[in-house]
Amino acid sequence: MTSHATDTPRAGARSSDLPEPLHARPVPRPGRWVSAVVVLVLAAMVLHALVTNPNFRWDTVWLYLRDVNVVRGVGWTLVLTFGSMAIAVVLAVLLAIMRRSDNPVMRSVSWAYIWFFRGTPIYTQLVFWGLISVLYPRLSLGVPFGPEFFVFDTRDVITAFWAALLGLALNEAAYLAEIVRAGLGSVDPGQAEAARALGMKESRILRRIVLPQAMRVIAPPTGNETISMLKTTSLVVAVPFTLEITYATSAIGTRTFQPIPLLIVAALWYLLITSVLMVGQYYIERYYGRGFDGGATGPRRGAGRKGSGGTGSTGGAGRRAGRLSRQAAIRGAGTTKDDPFAEVTP
Amino acid sequence: MSATTAPTSDATPATEVPMVEARGVHKVFGHGAGALHVLRGVDLVVPQGSVTVVLGPSGSGKSTLLRCLNELEEITAGSVHVDGELLGYRHDAKGVLHRLHPRRIAAQRSRIGMVFQRFHLFGHMTALENVAEAPVQVRGLSKAAARRRAAELLERVGLADRADHYPAQLSGGQQQRVAIARALAMDPELMLFDEPTSALDPELVGEVLTVMQDLARSGMTMVVVTHEIGFAREVADHVVFMDDGVVVEQGPPGAVLENPSEPRLQEFLSHVL
């Protein structure tokens with residue numbers, strides 16, 4: 001492992017040390033060219049078939065892409081997606097903490113919740129949420145099994161929108177809870193122990209030490225779930241909630257006898273939102289990966305200037321900096337094992 | 001067990017409360033047939049301002065003993081006093097023993113610094129943030145004041161120029177020095193070191209031991225679990241040798257390390273020296 005790292009050119013070493021790199025003819029790879037051409041031709045055929053087929057009615061697609069009902073549908077879809085994800089994340093953290101609790105009641109309730117909401121179809125759950133005002137016509141606040149103080153008509157409180165939002169959120173929370181649990185479990189117990197030894201309270205340890213590091217594991221699948229939720233919102237017709245993009249476009253499609261172009265309109269909007277979400281996901285993952293990604297980065301940006309000049313203790317700051325970048329170069333080569341504690345000697 | 005325990009250091013005046021006083025400490029992991037009796041009645045007295053080095057083969061219970069001095073392990077029997085205060089429990093007026101509220105235990109821990117074998121620096125925080133974290137979260141210090149103090153402490157361990165590096169960007173020796181600074185930030189009255197140099201490459205051991213030696217010279221009370229016999233000989237006031245969950249021999253380093261009376265200690269020293 002280490003000898004291999006020595007053989008590769010050191011990117012971070014002093015430039016005067018750099019030897020003349022080897023000049024060798026590459027291995028001929030005709031297969032690469034052939035496969036690339038084949039795939040490009042196939043892709044061109046697919047694109048051509050899409051653009052030139054008059055049945056897709058691209059002019060209609062373009063017309064309705066900016067239709068006011070469609071854009072409003074996009075808005076409702078976004079509200080449902082982010083609203084339900086926000087509720088679900090809070091619930092999921094709660095469920096995951098309950099799952100790790102010492103209290104057996106907390107543990108079992110969390111387990112049963114996840115079991116039920118993962119074990120039944122989201123469509124069925126949404127239908128039930130739509131029927132809640134039939135099943136429970138009255139809601140009341142009061143002492144459990146005792147007197148009631150406030151009584152509501154369920155239909156007034158849980159409208160179709162709230163039924164859809166809660167239905168999506170409660171289902172999603174079960175999946176996210178498992179993701180959060182895996183994330184919390186991925187943090188080295190030594191982290192919590194070190195914080196405990198410093199006298200921090202358990203709630204602080206969770207919030208300041210464990211959760212931020214768990215986010216590195218939690219963020220990528222949560223981004224995935226958000227993108228998945230974007231499409232799952234199309235199921236709220238089961239409630240029925242009829243303002244989001246899929247229902248809005250299919251309604252127009254039925255009315256104008258042009259279902260295909262309107263399906264494409266919805267698909268394009270989903271694609272666009274997904275693309276934006278992917279950009280956001282990249283930045284969120286980068287933020288929570290701080291201090292962990294590769295180790296091949298320098299000190300935090302905009303910092304590290306003030307100390308390096310004056311106070312250099314023994315060997316001088318310059319020598320140390322050279323040493324660090326050499327480490328970084330070795331790690332960057334990707335030939336060593338990914339252990340932040342390992343100091344690699346070339 | 002008192003038969004195996006030598007009288008405590010003569011340097012302690014009878015009037016002074018020892019920094020650590022552990023009496024008859026037992027620790028059992030697990031229950032029933034699989035139970036593991038790791039500590040079998042340990043007595044340990046650490047006078048104020050002294051350095052005690054705990055030696056012993058792996059599995060002898062020395063790390064567990066250290067963790068009991070900081071409540072990271074709950075003791076099964078016996079008692080631990082730190083600076084005269086009973087750890088983890090209190091007696092009410094009728095003499096009934098009560099477990100302390102976790103908040104009280106956290107407060108007790110905050111006065112005892114601990115340095116771990118694997119450093120356990122907070123990976124998502126820079127060196128400076130690692131050191132400043134607990135004073136803000138536990139002591140309620142302002143962020144600015146905590147960062148100023150953290151910068152001072154990093155300078156003290158020779159890492160002023162590494163303040164904005166994440167742990168993954170530091171060598172093992174540098175990480176361990178940050179960990180020492182992090183513990184010192186709480187102004188502990190007692191510092192516990194759990195094999196602080198065992199995870200380090202040989203050429204990085206020296207820098208950590210130097211910091212510890214400076215700390216000892218400044219009058220900090222320290223309990224150090226280590227395999228560094230040289231450190232024990234030079235810095236320790238008191239050396240404790242443990243084997244199989246009991247203290248086998250203890251005394252000043254000269255006596256214990258040069259003229260060991262116990263055959264188990266003689267054998268251990270022949271392996272490590």
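Where in chain A is the place of A:P240? In this predicted model, A:P240 has its place in the loop between α11 and α12 of chain A, where helices (H or I, at least four residues) and strands (E, at least two) are DSSP runs numbered from the N terminus. A cis peptide bond, with omega of about 5°, joins A:V239 and A:P240. The loop between α11 and α12 (245–255) of chain A also holds A:T233, and this residue is buried, with a relative accessible area of 0%; buried means under 20% relative accessible area, exposed over 50%, and partly exposed in between, for a 1.4 Å probe and protein chains only. When residues up to four places away in sequence are not counted, A:T233 touches A:T77, A:L80, A:T81, A:L168 and A:E244, contact being defined as heavy atoms within 4.5 Å.

Residues are numbered from 1 along each chain as its sequence is written, while chains are lettered from A and ligands numbered from 1 in the order in which they are written. Because the model is predicted, local features need pLDDT of at least 70 and side-chain atom pairs count only at pLDDT 80 or more, whereas totals for chains, interfaces and linings use all residues, and side-chain values use heavy atoms, with hydrogens and water left out.

Chain A contains 15 helices and two strands, and 34% of its 346 residues count as buried. Among the contacts in chain A with a separation of 6 or more, 70% are accounted for by residues 24 or more positions apart.

Two helix pairs in chain A involve α11(A). The axes of helix α4 (residues 68–99) and helix α11 (residues 202–232) of chain A come within 11 Å and cross at roughly 140°, axes being lines fitted to C-alpha atoms, for helices over the stretch in contact, and angles running from 0 to 180 degrees between N-to-C directions. That angle makes α4(A) oblique to α11(A), since angles under 35 degrees count as roughly parallel, over 145 as roughly antiparallel, 65 to 115 as roughly perpendicular and the rest as oblique. On the α4(A) side, the residues that meet α11(A) include A:T77, A:F82, A:M85 and A:I97, and their partners in α11(A) include A:L206, A:T222 and A:M229. By class, this contact of α4(A) with α11(A) has eight nonpolar, five polar and one charged residues, where Ala, Val, Leu, Ile, Met, Phe, Trp, Tyr, Cys and Pro count as nonpolar, Asp, Glu, Lys and Arg as charged, and the others, Gly among them, as polar.

Helix α9 (residues 160–186) of chain A packs with α11(A) at an angle of about 140°, the axes being 8 Å apart. The contact of α9(A) with α11(A) has 14 nonpolar, four polar and two charged residues.

In chain B, 13 of the 13 residues of α5(B) are buried. At 1.5 Å a residue, the 13 residues of this helix (residues 172–184) should span 18 Å, and its end C-alpha atoms are 18 Å apart, which agrees; the expected span is 1.5 Å times one less than the number of residues.
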